[in-house]
Amino acid sequence: MAELIYSGLTKQFDGSAQPALDGIDARIESGEFVALLGPSGCGKTTLLRLTAGFEEPTGGEIRMGDTQVAGPGCFVPPEDRGVGIVFQSYALWPHMTVAGNVSYPLEVRGLARAERARRVEEALSLTGLTEFAHRAPAQLSGGQRQRVALARCLVAEPRAVLLDEPLANLDLALRASMQENFTAFHRRTGATMLYVTHDQGEALALATRVAVMERGRIRQFAAPEVLYSEPADCFVAGFVGDGAVVSASAAGPLGRNGLEVETMGLRVAARSNEALPTHLCIRPEDVSLTDEGGLRARVRGCTYQGGRFRVVLDTGGEDLVAFSRLRLEVGAQVGLRIDRPWAFREPGL
Ligand code: ADP
Ligand code: MG
């Protein structure tokens, strides 16, 4: 396993006005499970394809450990990079059994029969497929097919495993159990994993760190809980997690890691690293329904989420989100308090 290091990585496809990747700088440590999260078209697949060697960058470089694999005057072809890739579409050979599919990459490499058998057995066992070895792909469920694709990737003992929306074709319940499969797999193998998804729940649940991408750039690269509680900009604040992003300005110092900000005609104590923030990210947990908070709002919507209600509150300008244990009537007036939300400075403002 090796770390992946991107420096100023840029990809501009012929004939397109905007670069698909616009100066990616990132370092993924050996054995990390990293998710690339972002809306459709932000460049996630392009970053995977450049990493695997299916595309050449137009600028910058990629290193794997000490080795440059792409850069000015340097291009290591896919078969010499030792990375495995798993696609959403599985791409299994229908006429081969599960074992045949998994064994195929080793046959291509000319490995001896006994060694092949040993490695296939191990890959099938790691992915929980031992009992399906002799079935055809058509006799498997979607989740099982995805596991075959994973086993076929692993059997080659890749230095890094790249996964492009591997669960996008599966239903919700199966996705949850496959997510557990991926984390268990990562725990057992310690593989470096780069996992593309546009589903924030999946990214936050699986990865040790998440790179949030937008329009070819990484906006923030941090642990899930940091993305959620300390977003770097309005895009990340709005894309990851529930809540509201509202404008705010500094009203006075507060001391350790905090300051007083003015927002919606109110003074609020906020968490921050900035002396002059421009916005607040107000998560539902930061909003309490109480008559002592100084702010009034009208209930705009109330939906049951199992165990609690999600309440959208119209404060007369900005909508906030709160959780409530009791159902609230739409149109009702409530009081609320905002408690230590995250204040940040939008870059470029
Ligand atoms: P994502 O996987 O995040 O949805 P992609 O990496 O597939 O995004 O695409 C990023 C951008 O690059 C998009 O604007 C897409 O249209 C463009 N793009 C991707 N592949 C090609 C290609 N082969 N030729 C031209 N444009 C491409
Ligand atoms: Mg994609």
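**A first look at this chain**

Of the 349 residues in the chain, 39% are buried, meaning that 20 or more other C-beta atoms, placed from the backbone, lie within 10 Å of the residue's own. This is a predicted model, where local features need pLDDT of at least 70, side-chain atom pairs count only at pLDDT 80 or more, and totals for chains, interfaces and linings use all residues. Residues are numbered from 1 along each chain as its sequence is written, while chains are lettered from A and ligands numbered from 1 in the order in which they are written.

**Overall build**
- You'll find eight helices and 22 strands here, taken from DSSP runs (H or I, at least four residues, for helices; E, at least two, for strands) and numbered from the N terminus.
- Along the principal axes, the C-alpha atoms fill a box of roughly 75 × 45 × 40 Å.

**A helix pair**
- Residues of α2 in contact (C-beta atoms, placed from the backbone, within 7 Å) with α3 include Ala99 and Leu106, and their partners in α3 include Val120 and Leu124.

How values were computed. A residue is buried if 20 or more other C-beta atoms lie within 10 Å of its own, exposed if 12 or fewer, and partly exposed in between; C-beta atoms are placed from the backbone. Two residues are in contact if their C-beta atoms, placed from the backbone, lie within 7 Å.
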